[in-house]
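Below is a short briefing on one protein structure. Look over the sequence and the model before reading the points.

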Amino acid sequence: MFEIWDVHVHLSGVPGATPEERLERLLEGAERLGIARLCVFMGMKWSYDPTPDDMRRQNDEVLRAVKRFPDRAFGFVYLNPQHTQASLDELNRCVRDGPMVGVKLWVAMHCNESKLDPIVARATELKAVVLQHTWYKITGNLPGESTSEDLAQLAARHPNATFISAHSGGDWERGLRAIRPYPNVYGEICGGDPTAGYTEMAVRELGPERVLYGSDAGGRSFASQLAKVLGADIPDSAKRLVLAENTKRILKPILREKGIKI
Amino acid sequence: MNLEPSRRDFLKTAAVAAGAVLIRNVAVAKPADALIDTNVYLSHWPLRRLPCDDTAKLVAKLRANGVTQAWAGSFDGLLHRDIAAVNARLADECRRLGGGLLVPFGSVNPKLPDWEDDLRRCVEEHRMPGIRLHPSYHGCKLDDPDFAKLLQFAAKRGLLVQIAHIMEDRRMMHPLLQVEPPDLKPLADIVKKTPGLRLELLNVKLPPLDLLKAGDVSVEIAMLEGVGGVGKLLAQLPAERVLFGSYAPKFYFESALLKLKESPLTEEQLRAVRCANAQRLLARKQLS
């Protein structure tokens with residue numbers, strides 16, 4: 001019997017004309033598999049390199065959705081480091097002054113760029129975790145798409161920040177190695193196929209305290225991603241950490257700050 | 001982990017209380033129900049050892065999760081040239097270590113000389129009910145005349161033909177082993193022109209609905225994605241076209257099983273996907 005928190009969910013891939021309706025559909029699917037809480041980010045229509053207005057629009061949609069289900073979903077603010085000041089403003093609006101508890105960075109800019117430094121510094125002041133998309137694609141990354149090695153460089157500059165390497169680099173046998181030396185980087189296992197051995201390697205190389213369950217739903221299935229943990233040949237104690245305890249631990253400081261009891 | 005507990009647990013699903021949902025073992029039917037996994041592999045994935053790539057271990061894993069029959073191909077069928085030896089080993093492993101669970105599906109590479117004899121041996125020597133093809137690993141496009149000929153021969157022999165579409169995510173392939181999935185478009189025409197052909201598509205991310213409606217074509221769920229993907233697929237296709245497949249041991253077996261739970265399926269739909277459709281497919285072979 002495990003408690004499950006999903007650290008990577010989007011308002012996409014499910015029907016619904018409004019953010020609230022979409023989150024409701026997602027929660028129905030999550031509930032069927034016993035998933036208690038979802039961390040949600042990015043809006044109903046995505047963009048690789050959002051303008052400040054588009055960032056605000058997408059974050060507003062997430063704010064609407066989590067407001068409807070405050071006991072089941074947390075929001076992460078979607079930022080674009082190409083627009084540093086607008087990102088800082090948005091971080092203050094959604095995290096300092098709003099209910100959001102983390103930062104989502106996607107593919108607008110390689111995350112080892114110095115433009116990210118003020119954003120990470122501010123997020124750390126606010127106790128918000130920073131979730132950065134990471135992928136190695138043999139078919140070619142997008143122009144601003146980060147690898148796990150890019151994130152490792154950023155993490156080395158910000159040892160007090162808490163980073164999540166979303167997808168663990170996609171090519172996880174490479175990505176996990178890249179983040180292994182950085183204890184402030186967590187490996188999150190969502191988004192790729194449920195290839196057997198993934199979670200075993202993550203737990204072996206990072207330790208069970210540094211691995212997080214996420215799904216990348218609604219593009220991905222909750223089921224296929226949850227199987228990466230439930231089907232892994234790791235002890236139940238490790239599954240418990242990966243499925244919820246690690247996420248709860250890294251979110252605890254900001255949740256406490258906001259008076260949210262878990 | 002055994003995901004096949006009691007019916008009572010299934011009906012309970014996960015209780016939601018005070019914002020915390022605790023998951024019990026996940027069940028998707030009564031323990032007595034048959035579960036036919038139409039997509040498992042024996043031997044070793046060429047680029048990585050997998051937790052259950054030992055036949056005895058795989059069989060134990062499948063049994064523990066309630067699988068009553070598993071249709072097994074061989075990873076060796078992707079790159080080995082001595083296909084006759086691949087199929088002989090597959091049949092032998094299924095017989096010796098399968099404990100009545102494993103049903104061998106042999107490989108045939110239509111770009112090798114005298115592939116017809118490999119097909120003959122699958123039927124006459126190994127008594128296989130079907131074959132599993134990996135055209136992209138054999139450099140064979142689906143509009144290749146050799147491929148159409150293979151399907152014709154298989155249909156005449158009454159074999160169920162499985163076509164494995166994707167073996168791994170294109171984005172993360174080994175730089176020295178990049179294999180494009182085959183274009184499925186030519187298949188609909190071949191299906192129409194090949195009487196008696198029974199096809200099952202394996203490892204399809206986006207099931208091609210036109211093809212699935214073109215003839216006796218089924219699809220399994222190993223690579224189906226999206227929230228409630230099985231339910232969505234069943235809304236678009238006749239229920240008899242959707243089969244259970246896990247792609248174990250390459251994928252965690254639990255992925256396919258949990259997908260059945262993620263969608264709100266009727267008892268009838270569950271039974272069809274878990275076993276009835278696969279049973280019917282093999283029964284049609286025996287009749288033919």
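The structure is a predicted model. In chain A, an open sheet of 8 strands has parallel pairing. Elsewhere in the model, 4 cavities of 30 Å³ or more are counted.

**The sheet of chain A**

- The strand order across the sheet is S2-S3-S4-S5-S6-S7-S8-S9 of chain A.
- Strand S2 (5-9) and strand S9 of chain A form the edges, and each of them pairs on one side only.
- Strand S3 (residues 37-40) of chain A runs parallel to S4(A), and 3 bridges join the two.
- Across that pairing, Leu38(A) stands opposite Ala73(A) in S4(A).
- Strand S4 (residues 73-79) of chain A also pairs with S5(A), in the parallel sense and over 4 bridges.
- Here Val77(A) is opposite Val103(A), a residue of S5(A).
- On its other pairing, S5(A) meets strand S6 (residues 129-135) of chain A, in the parallel sense over 4 bridges.
- The bridge partner of Lys104(A) in S6(A) is Leu131(A).

**Strand S5 of chain A and its crossovers**

- Which way do the residues of strand S5 (residues 102-105) of chain A point? Gly102(A) and Lys104(A) point one way, while Val103(A) and Leu105(A) point the other way.
- All four of these residues, Gly102(A), Val103(A), Lys104(A) and Leu105(A), are buried.
- S5(A) is part of a right-handed β-α-β unit with S4(A) and helix H3 (residues 84-96) of chain A.
- S5(A) also belongs to a right-handed β-α-β unit with helix H4 (residues 117-125) of chain A and S6(A).

- Glu90(A) lies in helix H3 of chain A.
- Is Glu90(A) buried or exposed? Its relative accessible area is 2%, so Glu90(A) is buried.
- The side chain of Glu90(A) makes a polar contact of 2.8 Å with the side chain of Arg93(A).
- In an α-helix there are 3.6 residues a turn, so residues three or four places apart point the same way.
- His133(A) is found in strand S6 of chain A.
- His133(A) has a relative accessible area of 6%, so it counts as buried.
- One polar contact of the His133(A) side chain, at 2.7 Å, is with the side chain of Glu145(A).
- A polar contact of 3.3 Å joins the side chain of His133(A) to that of His167(A).

**Residues with positive phi**

- His167(A) sits in strand S7 (residues 163-169) of chain A.
- Its phi is near 70°, a positive value in a residue other than glycine.
- His167(A) is buried because its relative accessible area is 3%, and buried means under 20%.
- Asp114(B) is not a glycine, yet it has a positive phi of about 55°.
- Where is Asp114(B) placed? Asp114(B) is in the loop between strand S5 (102-106) and helix H5 (115-124) of chain B.
- Asp114(B) has a relative accessible area of 53%, and it is exposed because exposed means over 50%.

**Cis peptide bonds**

- The peptide bond from Ala217(A) to Gly218(A) is cis, and its omega is near 0°.
- Gly218(A) belongs to the loop between strand S9 (211-212) and helix H8 (222-230) of chain A.
- The peptide bond from Ala248(B) to Pro249(B) is also cis, with omega near 5°.
- Pro249(B) lies in the loop between strand S10 (242-243) and helix H10 (254-262) of chain B.

**Helix H10 of chain B**

- How many residues of H10(B) are buried? The count is 9 of its 9 residues, and the helix is described as mostly covered.
- Among the buried residues of H10(B) are Glu254(B), Lys259(B), Lys261(B) and Glu262(B).
- Ala256(B), Leu257(B), Leu258(B) and Leu260(B) are also included.

- The largest cavity holds about 160 Å³ of space.
- It is lined by 14 residues, and those closest to its centre are Trp172(A), Thr195(A), Arg48(B), Asp169(B) and Met172(B).
- The lining of the largest cavity divides into 4 nonpolar, 3 polar and 7 charged residues.

How values were computed: Residues numbered from 1 in each chain as written. Chains lettered and ligands numbered in written order. Predicted model: local features only at pLDDT ≥ 70, side-chain atom pairs only at ≥ 80, totals over all residues. Heavy atoms only, no water. Buried < 20%, exposed > 50% of the residue type's maximum accessible area, 1.4 Å probe, protein only. Pairing = 2+ DSSP bridges. Right-handed = clockwise from strand over helix to strand, strands pointing away. 1 Å grid on protein atoms, 1.4 Å probe; cavity = no way out; pocket = protein on both sides within 12 Å on 5 of 7 lines; lining within 4 Å. Points joined across faces, edges and corners; volume = space filled by probe spheres on them. Nonpolar A, V, L, I, M, F, W, Y, C, P; charged D, E, K, R; others polar. Polar contact = N/O pair within 3.5 Å; in protein donor to acceptor, adjacent residues only side chain to side chain.
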